[in-house]
Amino acid sequence: MSEMQKPLAGLKVVELGTLIAGPFCTRIMAEFGAEVIKIESPDGGDPLRQWRKLYPDAESGTSLWWYVQARNKKSIALNLKDARAQAIARTLALEADVVIENYRTGTMDAWGLGFERLRAGNAGLIQGAQMLRLGEVDIAITGGVSESIHTFGIFAGFASQGAL
């Protein structure tokens with residue numbers, strides 16, 4: 001299937017996530033043709049790079065999980081605690097259709113990257129995010145999980161079926 005035939009071709013996604021939830025979501029979007037730009041820490045990148053079993057032939061000792069979750073993505077290293085890096089992330093969000101993040105509640109706001117601030121510069125921006133976190137279990141169980149599945153259905157072209 002060519003890139004132009006994929007259902008998410010032309011969609012630009014900025015991923016601000018680590019480990020499994022955010023990267024998994026954006027990997028699926030990338031497989032469906034979206035352009036995904038992953039923002040990683042300059043201090044070793046996403047922890048998933050070193051998580052679990054490491055690929056034995058890689059000189060860097062990179063995780064097999066990383067190879068799976070990072071495929072079809074572009075990556076940039078930014079220290080989001082630095083104002084200059086935050087400005088770069090905001091610029092990327094200005095050009096994006098979707099921002100995916102899975103940091104702890106309040107982290108993005110503390111970095112000046114909260115959804116309201118990002119959306120102020122890009123009114124059409126969609127935030128597909130805030131995956132299950134400790135302390136938010138009730139929200140995730142009552143609405144978050146089904147809403148996330150429904151959101152994936154919209155991106156995958158199954159919006160008419162509603163939430164599962």
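Two residues are said to be in contact here when heavy atoms lie within 4.5 Å. In this chain, residues 24 or more positions apart account for 63% of the contacts with a separation of 6 or more. The model is a predicted one, in which local features need pLDDT of at least 70 and side-chain atom pairs count only at pLDDT 80 or more, whereas totals for chains, interfaces and linings use all residues. Residues are numbered from 1 along each chain as its sequence is written, and side-chain values use heavy atoms, with hydrogens and water left out.

The secondary structure consists of six helices and five strands, where helices (H or I, at least four residues) and strands (E, at least two) are DSSP runs numbered from the N terminus. Read from the N terminus, these elements follow the order β-α-β-α-β-α-β-α-α-β-α. The strands form an open sheet of five with the order β3-β2-β1-β4-β5 and parallel pairing, two strands being counted as paired if DSSP finds at least two bridges between them. At the edges stand β3 (73–77) and β5, each with a single partner strand, so one side of each is left without a neighbour in the sheet. Within the sheet, β2 and β3 pair in the parallel sense over five bridges, and the bridge partner of K38 in β3 is S75.

Burial can be considered next, with buried meaning under 20% relative accessible area, exposed over 50%, and partly exposed in between (1.4 Å probe, protein chains only). Of the 164 residues of the chain, 41% count as buried. A nonpolar core is defined as a set of buried Ala, Val, Leu, Ile, Met, Phe, Trp, Tyr and Cys residues joined through side-chain atoms within 4.5 Å. The largest such core has 19 residues, of which V14, L16, I39, L80, V99 and L113 touch the most other members. The elements that give two or more residues to this core are β1, β2, α3 and α5, and α3 gives the most, with four residues. Apart from this core lies another, of nine residues, among them L11, V36, V98 and I100.

Side chains of opposite charge can pair when their charged atoms come close. The structure holds seven salt bridges, a salt bridge being a side-chain nitrogen of Lys or Arg within 4 Å of a carboxyl oxygen of Asp or Glu. One of them joins E95 to K12, with the closest N and O atoms 3.3 Å apart. This pair links distant parts of the chain, since E95 lies in the loop between α3 (83–94) and β4 (98–101) and K12 in strand β1, 83 residues apart. E95 counts as partly exposed at 48% relative accessibility, whereas K12, with a relative accessible area of 15%, is buried.

Another salt bridge is formed by E15 and K38, whose closest N and O atoms are 2.4 Å apart. It too links distant parts of the chain, with E15 in strand β1 and K38 in strand β2 (residues 35–40), 23 residues apart. E15 counts as buried at 0% relative accessibility, and K38 is likewise buried, with a relative accessible area of 2%. In helix α1, the side chains of E31 and R27 meet in a salt bridge (3.1 Å, N to O), and because these residues are four apart in the helix, they are separated by about one helical turn. E31 is partly exposed, with a relative accessible area of 28%, while R27 is buried at 12%. Salt bridges that share partners also join E15, K38 and K73 into one network.

L19, I20, F24 and W65 make a nonpolar surface patch of about 320 Å²; patches are made of residues with over 30% relative accessible area and no salt bridge, like charges being joined within 9 Å and nonpolar side chains (Val, Leu, Ile, Met, Phe, Trp, Tyr) within 5 Å. L19 lies in the loop between β1 (12–16) and α1 (21–31) and is partly exposed, with a relative accessible area of 32%. In the loop between α5 (115–121) and β5 (126–127), G124 counts as exposed at 55% relative accessibility.

Methods: Areas by Shrake-Rupley, 256 points an atom, 1.4 Å probe, with all protein chains shown as cover.
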